[in-house]
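Morning, everyone. Let's look at the ligand site first, then at some backbone geometry. Here is the model.

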Amino acid sequence: MSFKDKNILLGVCGSIAAYKIASLIRLLVKAEAQVQVVMTPDATQFITPLTLSTLSKNPVLVDYYNTKTGEWNNHVHLALKADIMLIAPVSANTLAKFANGLCDNLLTACYLSAKCPVYLAPAMDLDMWKHPATTGNITTLESYGNIVIPPGNGELASGLVGDGRLAEPEDIFAFLVQSLKDTRPLSGKKALVTAGPTYEAIDPVRFIGNHSSGKMGYALANRLANLGATVTLISGPTHLQAPSGMTLINVQSAQEMFNACEQYFHEADIMVMSAAVADYTPKEVASQKIKKTREDFNIPLQKTVDILSTLGQQKTRKQTLVGFALETNDELKNAREKLTRKNADFIVLNSMQDKGAGFGTDTNKVTVIQKNGEPVSFGLKSKDEVAKDICDLIIQHQQQLSL
Ligand code: CTP
């Protein structure tokens, strides 16, 4: 997790522990976060706005409006801009206001407007912390989804010893780092997906292609990205909208698709070859449009490079390789042979015999043949749901590989 360019709205309440916030701001700024401090009026008695604005490199806001310029400090804008809202220290008084929806200063107004995760780092005396009113407020705030950074135990400003000390700045920082970590199952993994048909040029205006829409491959690329993977999608010509949140590489021919795969596959953890790659390509591409001068006409073809098979030969044991098969007869037998021949970990078998499955449709019905396990058959589903089923198997495989 990186704080780089994260907007942190940091609320500071009236508590002797407010002095510790100077160190916390330094840690956040050093981690390249953008810190906007909002103080309650009482907090300014404990540490000066000048100190916190100097450290945060931003003006500190206390009131709804700037008395000198008349400018309004828009609490809705401040709250919505924030990726994280942290209130540290949060006093017993402000906790009570948050829990009850009171809104009598800029900080409480920001809290009510915030849609981002809210972290609360309380600081107060031992008995205030233990009071049922406070524990009740904490329960209420947790039920709102707020996250409490537990106070530490030790000597308090009153001289009493117990719970209630503001967590140390380093601990607050570490808590944020830990809870902002991307815990999605494929976070940190790289995935390479091929999709769509390939077009094999015959002459400048004609090609050999197929009816693949690319929908299954795009659904898989989207699902992998949503699961946290960094996705490179290598797509043949389709009418689909370029997906966001991934790298899209557009190609035409099987050779171009292979070249792009060669470039990215070494660093990929997951490779899903869902493209309907042409098996043959014209031996020569005519430089001019071919005229219809002859009664019959043959185009000499040669085999294309088998991308799935080539990656299967080169793959390491940390990589998951998924291929597809479209069969019309002896489906399971052919798909099993394909799995072995191409050294894939999974072959997703589409049957041409199933209504609603295959090219161009929004639904699909697949059976997944596994290298280490029994075939798994799924019912007729949307391609997004099929992508989910396939990705669940990929996650399991990746987890087994990392054991
Ligand atoms: N594939 C590939 N490169 C090719 C041809 C196919 O990577 N030149 C991949 C497809 O993306 C798909 C799988 O191989 O994952 C489909 O294989 P298919 O074309 O059905 O298998 P073949 O081995 O060519 O067998 P056949 O055509 O005889 O069924």
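Helices (H or I, at least four residues) and strands (E, at least two) are DSSP runs, numbered from the N terminus. This is a predicted model, so local features need pLDDT of at least 70, side-chain atom pairs count only at pLDDT 80 or more, and totals for chains, interfaces and linings use all residues. Residues are numbered from 1 along each chain as its sequence is written, and side-chain values use heavy atoms, with hydrogens and water left out.

Start with the pocket. On a 1 Å grid over the protein atoms alone, a pocket is an open set of points where a 1.4 Å probe fits, with protein on both sides within 12 Å along at least five of seven lines; lining residues have an atom within 4 Å of a point. The largest pocket holds about 800 Å³ of space. That volume is the space filled by probe spheres set on the points, which are joined across faces, edges and corners. Its lining has 34 residues, with Ala275, Ala276, Val277, Phe324 and Ala325 nearest the centre. Helix H9 (215–226), H11, S16 and H12 each give two or more residues to that lining. By class, the lining has 14 nonpolar, 12 polar and eight charged residues. Here Ala, Val, Leu, Ile, Met, Phe, Trp, Tyr, Cys and Pro count as nonpolar, Asp, Glu, Lys and Arg as charged, and the others, Gly among them, as polar.

Where does the ligand sit? In the largest pocket; the test is that more than half of its atoms lie within 2 Å of the grid points. The shell around the ligand draws two or more residues from each of helix H11 (307–314), strand S16 (320–327) and helix H12 (331–341). Of the 15 residues around the ligand (a heavy atom within 4 Å), Met273, Ala275, Leu308, Phe324 and Lys338 come nearest. The shell divides into eight nonpolar, two polar and five charged residues.

Now polar contacts, meaning pairs of N or O atoms within 3.5 Å. A ligand nitrogen is 3.0 Å from a polar backbone atom of Ile307. A polar side-chain atom of Asp279 lies 3.3 Å from a ligand oxygen. For Arg341, a polar side-chain atom is 3.3 Å from an oxygen of the ligand.

Last, the backbone. Ala88 and Pro89 are joined by a cis peptide bond, omega about -5°. Pro89 lies in strand S3 (residues 84–90). Asp330, in the loop between S16 and H12, has a positive phi near 45° and is not a glycine. Asn343, also not a glycine, has a positive phi of about 55°. Asn343 is in the loop between H12 and strand S17 (346–351).

Notes
A polar contact is a pair of N or O atoms within 3.5 Å; within protein, one must be able to donate a hydrogen and the other to accept it, and residues adjacent in sequence count only if both atoms are side-chain atoms.
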